[in-house]
Amino acid sequence: MQKYSVFSLIKNAFKGHKDWEVAWKDPTPKSEYDVIIIGGGGHGLATAYYLAKEHNITKVAIIEKGWIGGGNVGRNTTIIRSNYMHDENGLFSEFGMDLWRNMSQDLNFNVMFSPRGIINLAHSDAQMNVYSRRGNSMRLNGIDAVLLNREEVKKIIPMADFSENVRFPIFGGLMQPSAGTARHDAVAWGYARQADSMGVDIIQNCEVTGFDVSNGKILGIRTSKGEIKAKKIGLCVAGSTNILAEKLNMTLPIETHLLQACVSEPIKPILDNVVTFGAGHFYCSQSDKGEMVMGGDLDGYNSYAQRGNLPTLQHVLTEGIAMFPFLSKLKMLRTWGGIMDMSMDGSPIIDKTHIDGLYLNCGWCYGGFKATPASGWTFAHTIAQDRPHELNAGYSLNRFSTGHLIDEKGLGTKTWIS
Amino acid sequence: MLHIKCPHCGLRSQNEFSYGGDATVKRPELNKEVSDKDWDNFVYLRKSPVGKHLELWQHISGCRQWIKVERDTLTHEIFKTLKANEEV
């Protein structure tokens, strides 16, 4: 594989940029693999990469219905954080933060990781208490957390609404200084390029139409490009999980819902953190191009549409304007939607299934992007060792029936409720 | 914007309604032994199909009645709306 560096850039510049190798190949599927990963999004690509890198399993195929990076890894708001209260989520995400910090070097691809800090605003004394509890839990797990009072928040984001007569005055906030953002497409491309160089076949425009299961054991898949055999198959398809589960006669604790995001026209630098509104569901950061990147609530009803509805967008942006009044002056550049695999406790599932050789990675709800490296790493471990790693042991499929839910937000089973 | 025909009030905009989830889920019968599996099915497991989906909505800013809506989860087309006690 060609190494990307300033020297290779200069060298290729002299040749008119005509000799760059392709970043990944476009192979026809072989008849058999050791492992097939269904879903060429961030998590699937990362899983294939860590299977090759950490477990030396390189006879791997990624089967993607569309093109890699065309789903949620290209549709998110690029936020990376580990500000969770529960041990399962906190330790898993913080493990991921370490992978994020080294990702550009590890993948030899600039993913533009920018640890700019995230501030969750609090709008009441009660919320400050909740945040102080969450911050303490985070610190016990070795995650950085700082409780800010109103004046400290004002120093960092003076453009927020600090006037006296507002419905939701800012009391303070919880900050994770090491949180941040990354270039989402680069994450997909970086993992794809490395996985490909280690022998993984990335097969795009190939839809999975069925599974071969016999005596409780997975034998292979049927696809639009023919049948492919494999002893181990991992499902990594986010919002499409239920579609594939139906083909396997499985019913899962997952509903597919639509989440929208949007960017404003580009403006000069004003916001150097990620900020979330605490009295609703709105989050905002500024991209390197200057656009304000914003998102919030789900549309709120089961949807596979990958495009959103205006009432939700209006609701979310109303919250945004309550927090940052200057947003009302901006023009909207783009809006888009992605389909989320909403689990029944708001936490993900990375586990084996009742079918031998079939592994499941789903339930990422609002937070799939930041989990990309940790999800890929632990899913690769789960597949290679045929047992979960201790980091994802809590993300079991049967936790719903045994009562070991990880209900970070306390929403119960109706995780679409905002 | 969805337009939902409330069986009690007529065609109204989506803003007046709140969503209540899959309407085909049946609670295990009262005063009978419920197995863990049945309870699991009722509380957590959802089909979440692509295409036709029978779901509950509440006309919360209108007559406040719960209704059933048959809607396509891919195109958002609404085929039918029913009172909560009616079957498709």
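Student: What makes E3-E4-E5-E6 of chain B an open sheet of four strands, and which pairing does this sheet have?

Tutor: In this predicted model, the four strands of chain B follow one another in the order E3-E4-E5-E6 with antiparallel pairing, where strands are DSSP runs of E with at least two residues, numbered from the N terminus, and two strands pair if DSSP finds at least two bridges between them. Strand E3 (18-22) and strand E6 (78-83) of chain B are the edge strands, since each pairs on one side only.

Student: How do you know that E3(B) and strand E4 of chain B pair?

Tutor: Four bridges join E3(B) to strand E4 (residues 52-58) of chain B, and the definition asks for at least two, so the two strands count as paired. Within this pairing, Gly21(B) has Leu56(B) as its bridge partner in E4(B).

Student: Why is Ile10(A) called partly exposed?

Tutor: Its relative accessible area is 43%, whereas buried means under 20% and exposed over 50%, with partly exposed in between (1.4 Å probe, protein chains only), so Ile10(A) is partly exposed.

Student: Which conventions apply here?

Tutor: Residues are numbered from 1 along each chain as its sequence is written, and chains are lettered from A in the order in which they are written. Local features need pLDDT of at least 70, side-chain atom pairs count only at pLDDT 80 or more, and totals for chains, interfaces and linings use all residues, while side-chain values use heavy atoms, with hydrogens and water left out.
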